[in-house]
Amino acid sequence: MTSSGATAGELAAIREELRAVARDLLGKTGAAAAPDWAQLAAAGWLGLEIPAELDGADATFAETAVIVEELGRAAARTPYLGATVLGTGALLATRPGPARDALLAAAATGEETPVAVVPEGAAFRLARIPGEDERLRLHGHAPFLPDAAQASTLLVLAYPSEADGTADAAKPVLVVLNPDAPGLTVTPQPVLDETRLLAEVSADGVTVIEDQTWRLADDPHVAVKRLRDRAAVTLACDSLGVAEAMLAATVSYAKVRQQFGRPIGSFQAVKHACADMLVQVAVARQLVAAAVVALAAAGAALATGEDDAGAAAAMAKSYACAAAVDVAGKAMQLHGGVGYARESGVHAYLKRAALNRDLFGSPTAHRARLAARYRATAGETDQMVD
Amino acid sequence: MADPGLDEFRAEVRSWCRDHIPAGWRAAQTGVSEDEYVAFQRWWFAQLRDAGYAVPHWPAQWGGGMPLARQVVLYQELAAHDAPRLVLAFVAIHHAAATLLEAGTEEQRARHLPAILDGEIWVQGFSEPEAGSDLVSLRTTATRDGDRYLVHGQKLWASGATHADWCLLLARTDPAAPKRRGISYFLLDMRTPGIDVRPIENAVGESHFCEIFLNDVAVPAVNLVGAENAGWQVAQATLGAERGLTMLELAERLGQAGFRWLVEASGRLGLLGDSLTADRLAGFETEIAGLRALCRDLVERHEAGRAGPADASIVKLYYSELLQRMTGFGAEITGLPAHAVLRKPASSGWESGAWMLDFIGSWEWTIPGGASEIQRNIIAERGLGLPRESVL
């Protein structure tokens, strides 16, 4: 799966094969179920972007995106978002070193499940203990964190306190913590969408030694921005998969369900709703593809200036996640009473789509981010929001 | 895929735009006579043709052959520099050319493609008073008479027929056959005796739509396109070929001109800091990005022979309704002053910035060329395989 040296056509073929394998494997588990994490590891999905020398596949975010879309299509319950997308993504954005490399290698095989805690804003603060050189304390609290309760290791995005006074002040770092660390509380937060596991994380003066604070490579602020974009595009991919699954299910149902002596899919009211679903899916697919390409190209190192990857991510997230809610909603409507019954499973997709829409920035928040650019071009001083 | 000369090409187009787009053409084209409008359109077409920019989407042997990425750049720059649009030549360079390239004979291509580059104007004669959305019910007949056909009937909504030299004509050659099997496709010389063209004033006060009355008009048999009674298939095949390409220009235009003006208008009105306005604008920017990608994807897949049966309909439907929402938004933020703009410049785009007129004019996209309702039927039936509605 090495991406270096492969032509665009070869890469496309690799992705199509990856997609076929994923659809087959997840199809066997069934919709809204929890596939075995070891099976995902065996399939090589946990180490897609990890370098080959660390037991990974040396692939890119474009391949991760294929898996995410298929996980969305199956509404699969996995810690892939918190662990593989964010955890591995965060580790790949930190400076290489023996401990980091060992953790990445263990993540690729599934022995370790490092989950990144990437809350909105600077929720976690790292302060030096006066009079001590090597020890710091972590304070902070954040709710609704994907997969934090499934972590074997937590990677908490933290901002050094301003009082620190050194040059590294305010540069975010990753704090590597054992979930059992004294002062750290991880509380599962049940939500209506049962296909995702969220948790609340509180750090009340957790003692951290210097070795546990891993620096982000290059410009840490850019690295964090990229990590958030990665999360946003991942949710857009997942929502695209959700929408595709709901469109396919609705079309199949409308072809066989008979009312008034004919298949309901022959009625224009139903047909036009399905056509609108397909249009939304088609547009979402284009925006998601563009964002995936932009993000894979940007990597962690981003040149300053125009933030194409950020804008593409905001477009994909706002459109695809809103579209998936529309599409899943229409799916429930067109399935009629059957769709409202829990047994049909449509509810699971609608809830997942709605949760995806709100995780890592609502459509409104992402559009506000896009709109900040208009004021900038109009001569005002606003900058792109992180 | 990467074109190292793309930036250079962009610079070349920019420089050309600066040298050739007449300053003040909008004011000069506002309220002009029909003759002045036609003269301007012919002049502008010749300018573009001489630069190699009029038919970039045609095959190289006929004067096109521009790579897709460059076509996109060309359309972006023309729109960004507020170039006039090719309105009069639109059917000729798109529909007529696509028909001839897909289904025409070598003689027909050689007769018409160079002539189009010399300014031959075409009109589409498809719709009829009793055959709008149900186009396949068209009644105009073409009766074989030796080496010619005699055409009799009436066409409607033929845009630009007053100035057209030639007409793409659908007529029934076998009244006994099932509807879609009895139609033939013709090239009709508009100077033939027996043709009467009458303009109809539309909702924005223009009269480019026409009725065409055909009273035993003789069409030589060599002007048949494709086989006799295979006209419906020819029309369908042509549609896919032209849709992506026409949309490519219009989508770039929506981004480079329409959206930019909406942002500028919002700025002038002090609305960029207003979160509701900002939200709508960002929504439009996102949808335009989606549309542009869809158009490009459609052209690429069509060229590779991989276009889906509903792809052209998806693009047409999405563009039409996005245009309507965007122009409606332009009118909404401008408020009452938008109602006082009584004329828009001739030769301008669908998003001229005269937002109320643009908004009303957007129904010219959601109705003709297969109304949005028909597009949704096509998308559902051909794209998703849903059953056809039972015919009562």
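Start with domain 1 and domain 2 of chain A: their centres, taken over C-alpha atoms, are 24 Å apart. This is a predicted model, by the way, so keep that in mind throughout. The domain assignment puts domain 1 of chain A at 8-114 and domain 2 at 116-215, and there's also a domain 3 at 220-377. Where domains 1 and 2 of chain A touch, domain 1 puts in 19 residues and domain 2 puts in 14.

Which elements give two or more residues to the domain 1 side of that contact? They're α4 (80-92) and α5 (98-109) of chain A.

Most residues other than glycine have a negative phi. Now find Phe144(A), which isn't a glycine but has a positive phi of about 55°. Phe144(A) sits in strand β3, residues 135-146 of chain A. Is Phe144(A) buried, partly exposed or exposed? There are 18 C-beta neighbours inside 10 Å, so Phe144(A) counts as partly exposed.

Then there's Phe260(A), again not a glycine, again with a positive phi of about 55°. Phe260(A) is in a loop, the one between β9 (258-259) and β10 (262-263) of chain A. Phe260(A) has 9 other C-beta atoms within 10 Å, so we call Phe260(A) exposed.

Okay, over to chain B. Chain B has 13 helices and eight strands. Its C-alpha trace spans about 70 × 50 × 45 Å along the principal axes. How does the radius of gyration of chain B sit against that of a compact globule? For 392 residues you'd look for a value near 21 Å, and chain B has 21 Å, so the two agree. Of the 392 residues in chain B, 48% are buried. And if you take the contacts in chain B with a separation of 6 or more, 73% of them are between residues 24 or more positions apart.

Leu6(B) is in helix α1, residues 6-20 of chain B. Leaving out residues up to four places away in sequence, Leu6(B) touches Ala69(B), Arg70(B) and Val73(B). With 14 other C-beta atoms within 10 Å, Leu6(B) is partly exposed.

Chain B is divided into domains too: domain 1 (6-94), domain 2 (121-229) and domain 3 (233-383). The centres of domains 2 and 3 of chain B, over C-alpha atoms, are separated by 28 Å. Eight residues of domain 2 of chain B are in contact with nine of domain 3. On the domain 2 side of that contact, six residues are nonpolar, two are polar and none are charged.

Last stop: where the two chains meet. Chain B brings 32 residues to the contact and chain A brings 31. On the chain B side, α7 (231-268), α8, α9 (311-334) and α13 (372-383) each supply at least two residues. Which of chain B's elements gives the largest share? That's α8(B), with 13 residues. By class, the chain B side comes out as 17 nonpolar, nine polar and six charged.

So let's zoom in on α8(B) and a partner from the other chain. The axis of helix α11, residues 363-377 of chain A, comes within 8 Å of the axis of helix α8, residues 275-303 of chain B, and they cross at roughly 90°. That's why we describe α11(A) as roughly perpendicular to α8(B). From α11(A), the residues in this contact are Thr364(A), Arg367(A), Ala368(A), Leu370(A), Ala371(A) and Tyr374(A). Facing them in α8(B) you'll find residues including Ser275(B), Ala278(B), Asp279(B), Leu281(B) and Glu285(B). Taken together, the residues of this helix contact are seven nonpolar, three polar and three charged.

That's my tour, and I'm happy to take questions.

Methods
Residues numbered from 1 in each chain as written. Chains lettered and ligands numbered in written order. Predicted model: local features only at pLDDT ≥ 70, side-chain atom pairs only at ≥ 80, totals over all residues. Axes fitted to C-alpha atoms, helices over the stretch in contact; angles between N-to-C directions. Helix = DSSP H or I, 4+ residues; strand = E, 2+ residues; numbered from the N terminus. Parallel < 35°, antiparallel > 145°, perpendicular 65-115°, else oblique. Contact = placed C-beta atoms within 7 Å. Nonpolar A, V, L, I, M, F, W, Y, C, P; charged D, E, K, R; others polar. Domains from an automatic or database assignment. Buried ≥ 20, exposed ≤ 12 C-beta atoms within 10 Å, placed from the backbone. Rg over C-alpha atoms; globule rule 2.2 N^0.38 Å.
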